[in-house]
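Colleague: I would like a close look at a single part of this model, namely the surroundings of the ligand. Please take me through it with the cut-offs stated.

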Amino acid sequence: LPAIFEPARPVLQKIEAAGYEAYFVGGCVRDTILHDDIHDIDIATSAYPSEIKEIFNRTVDTGIEHGTVMILDHGNGYETTTFRTESGYQDYRRPDKVTFVRSLSEDLKRRDFTINALALREDGEVIDLFNGLADLQKHLIRAVGDPNERFHEDALRMMRAVRFASKLNFVIDGPTLTGIKENAPLLAKIAVERIRVEFEKLMLGQNPVAGLKDFISTGLYKYCPGLANARDILSTLLLLNHWKLENEAQLWAALCIQLQLGQKEIGKFLKKWKTANDLITRVKKVVPAVREIQQKSLMPVTMFKTGQEALQDANQVAKLYGWAIPNQELQAAYQQLPIKESKELAVDGKMLITKAGIKPGPLMGKIIQQLTTAVINGKLANDTGTLLNEARKIMEEG
Ligand code: ATP
Ligand code: MG
């Protein structure tokens, strides 16, 4: 077993010694077999939460109503979930009721795809009830059981299928893909935030083009905010050869550019997707910078307003289209800005009041704006005397 499992093995052994079963499950098992990096370890057990809490002294109730307890051991935390079945998916999303069970097979049966339904014993034995190992070898995403039923139970699974296609660079099995096509409208029942998580993972995966292709061909896109009529626009994304988006700001900026949204529309579009406000702010900085990079007219004022991080994002997005500036060149241009933040300006409001006799108000804001622009453009030295003189001049001219 990879080293990351080592510290968790005694935890599983302790649960077994108390007479229960315990396994590593889900993504960590899949990724181990694929030799991919593992970011978190999930444990499933036949012990009920109360029983886990009897075995271990230090636990945290992280999701006890769903059967999840975190075991604290030697400075590490391990999420442990009691085997469960789910029932009553009345509105095509999350079950109304989870029932704790003692059987591993019941727990594996409720999981979405065969490659996600593997369990791994502490001694390295793999439990594979649905041919997940074969599918891992064939690079196939296949629903556990009848796809139609499984997507009816929880429509989010359809988005999960396309995101795994991208994340793992796998192919969706025929009947599973057909199931998605037939049930795509059920996605409308799912909370936007949950769709967004899967969509972002799709766009940031190993093979976004593969994931997007399925996202488009199955019609899932029609049930996503602002994309209902965007089939052609989304399809042009498939033609880009240099996909390598690194973060959420970049992927949303790329999408906004593709959709040709103006600044106001960007805010509206992202609000529909319920993204965080700071992401909206960031995307609104990135998009105009990408456009100037495209037109080979990246202005110092834009670099200043965009800031170093968002500028990197912009250049990364520009790369998709083959527009990017060599990174070193961009860095050099940024470093040449006379000032990089407003607070570096050699005068501030207080100085303008006391030394140039300007009254607080809208004119003051305008003057600071003009001085800042002039300094950034190299028209004025960033020097207190020079800037105060200029301020007086602007005031006299009204
Ligand atoms: P990642 O590496 O992206 O976290 P993961 O497989 O661990 O991938 P999670 O969303 O963390 O994905 O879910 C953990 C496990 O729980 C999955 O591997 C799967 O077995 C199960 N699971 C998660 N969501 C669902 C769902 N909507 N329906 C059925 N099973 C699910
Ligand atoms: Mg996970």
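Which pocket is the space taken by ligand 1?

Modeller: This is a predicted model, in which local features need pLDDT of at least 70 and side-chain atom pairs count only at pLDDT 80 or more, whereas totals for chains, interfaces and linings use all residues. Residues are numbered from 1 along each chain as its sequence is written, chains are lettered from A and ligands numbered from 1 in the order in which they are written, and side-chain values use heavy atoms, with hydrogens and water left out.

The space taken by ligand 1 is the largest pocket (on a 1 Å grid over the protein atoms alone, an open set of points where a 1.4 Å probe fits, with protein on both sides within 12 Å along at least five of seven lines). The elements that give two or more residues to the shell are α2 (27-33) and α7 (156-168), helices being DSSP runs of H or I with at least four residues, and α7 gives the most, with 5 residues. Because domain 1 (1-138) and domain 2 (144-239) both contribute residues to this shell, ligand 1 lies between them; the domain bounds come from an automatic or database assignment.

The shell divides into 1 nonpolar, 4 polar and 11 charged residues, with Asp, Glu, Lys and Arg counted as charged. Polar side-chain atoms lie 2.8 Å from a ligand 1 oxygen atom for R30, 3.0 Å for R111 and 3.1 Å for K167. Taken alone, ligand 1 exposes 580 Å², of which the protein buries 81% (Shrake-Rupley method, 1.4 Å probe).

Conventions: Polar contact = N/O pair within 3.5 Å; in protein donor to acceptor, adjacent residues only side chain to side chain. 1 Å grid on protein atoms, 1.4 Å probe; cavity = no way out; pocket = protein on both sides within 12 Å on 5 of 7 lines; lining within 4 Å. Sits in = over half its atoms within 2 Å of the grid points.
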